[in-house]
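I opened this model to look up how its parts meet. My notes follow.

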Amino acid sequence: MIIRGRDFMNETTNTQRRLKAIEAARELLKAVARLLIMADMVDVHLILMNIARAKSALDSMQVAESKQELAERYSALKAELEELNETTRRRVSNLRELSEQDDLQAARAWLKVNSTLMYTSSIAYIRHPEVDQIRLNRDFAHSEMSKALQAIAEVLEGRNRSGDIGLSHLGRIGDLIHELDQFQNRVYMEPSAYRAHIHRPELEELLERIVSGAAVIADSENTRDDRKKKIVDECNNLRQALQDLLNEYEKNAGRYDGSEELDLAMVHLGHKTKDLKRHLRRAIVDHISDAFLDTMTPLMMLIDSAKKHDQPATIHNGKLFYEHAQKLVQVANLACQMSNNEDGVRIVRFAAIQVEKLAPQV
């Protein structure tokens with residue numbers, strides 16, 4: 001490239017030298033591209049080797065027979081995880097897909113969360129191997145860390161993520177808000193485009209799915225009675241508004257310009273849809289305010305009774321904590337049903353999954 005480039009610079013009007021310089025430049029670009037690809041493959045291979053070493057160190061913790069042996073193996077695992085965390089942190093910025101970045105970050109966080117649980121539960125198991133719950137805790141932490149390592153490997157190799165560690169598969173908007181938006185988009189059309197045998201059953205079926213989703217929120221345990229009544233009333237009002245609009249469509253069938261009554265029916269339906277959304281969101285806000293008013297007390301009560309070695313109180317408070325955690329998960333899922341913020345939905349659902357998994361271990 002240097003020689004041909006110099007030759008071309010000496011005689012820029014020479015067509016043959018120009019073509020040779022262009023050809024050399026293309027070959028250089030191909031060589032650079034191949035070098036970058038090979039460097040990337042080497043980088044991925046080194047990280048995969050790191051993952052394999054971390055998995056081996058993780059497996060070795062399960063067969064440790066003494067506290068000292070466990071501490072040594074945990075120290076080796078921790079060193080491998082720190083190296084893996086640093087290399088994957090640098091790797092995140094090189095990934096083009098945002099979903100892959102999210103999944104890699106989630107796997108890193110899940111490794112960090114469960115590594116401590118793995119160590120503490122393994123110590124407890126060495127001391128009390130006869131207690132099944134301790135063994136289950138250790139096996140849970142081992143399984144979750146293995147899944148996280150597998151998730152990192154799948155992202156780096158460009159494979160489809162098979163587990164539930166990642167964030168990307170959680171980022172869809174809630175079914176209820178999606179159907180409400182879909183209903184609003186489909187219900188408005190030109191009168192000439194309306195076909196009663198197609199659009200009437202389609203819109204009625206879609207509305208009934210919306211009503212069923214709204215009924216789940218209305219019938220939820222913590223929905224206030226006045227809010228439940230408003231949701232039911234708005235569902236009925238929306239049903240009636242849809243029938244009025246469909247009747248107006250049929251009256252204006254084949255016309256390019258709709259009547260004033262059709263315009264009013266469209267506006268009325270839009271208002272009723274917004275009213276239903278508003279009451280559903282307020283009901284969910286009520287759920288959130290009730291569930292998240294005091295999130296720490298059940299956990300602190302459980303910790304306090306455990307410190308006092310009060311077994312009956314610990315069992316009782318454990319049940320209270322688990323029920324409270326389940327309530328938090330339920331409310332989080334309800335909130336996601338009425339949110340069209342994909343990033344927010346993804347984060348909330350991932351946090352809910354973590355709570356759901358970790359609560360039984362606590």
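This is a predicted model: local features need pLDDT of at least 70, side-chain atom pairs count only at pLDDT 80 or more; totals for chains, interfaces and linings use all residues.

**Domains and their contact**

Residues are numbered from 1 along each chain as its sequence is written, and side-chain values use heavy atoms, with hydrogens and water left out.

Domain 2 puts 14 residues into the contact and domain 3 puts in nine residues (contact means heavy atoms within 4.5 Å).

I then looked up the area. Domain 2 and domain 3 bury about 1100 Å² between them, that is, accessible area (1.4 Å probe) lost on being put together, summed over both parts. Carbon and sulfur atoms hold 64% of it. On the domain 2 side, I177, I284 and H287 lose the most area to domain 3, together 37% of what that side buries.

Which helices of domain 2 each supply at least two residues to the side that touches domain 3? I found α6 (175-187) and α9 (260-291). Helices here are DSSP runs (H or I, at least four residues), numbered from the N terminus. α9 gives the most, with six residues.

**Salt bridges**

I counted zero salt bridges between domain 2 and domain 3. The rule asks for a side-chain nitrogen of Lys or Arg within 4 Å of a carboxyl oxygen of Asp or Glu. The whole structure has 25 salt bridges. One of them joins R53 and E80, with the closest N and O atoms 3.2 Å apart. R53 lies in helix α2 (residues 15-62) and E80 in helix α3 (residues 67-92), so the pair ties together parts 27 residues apart in sequence.

**Record check**

I checked UniProt: the unreviewed entry places "coiled-coil region" at residues 64-101 and 228-255. Such annotations may be inferred rather than shown by experiment.

Note on methods. Buried area is the accessible area (1.4 Å probe) that two parts lose on being put together, summed over both.
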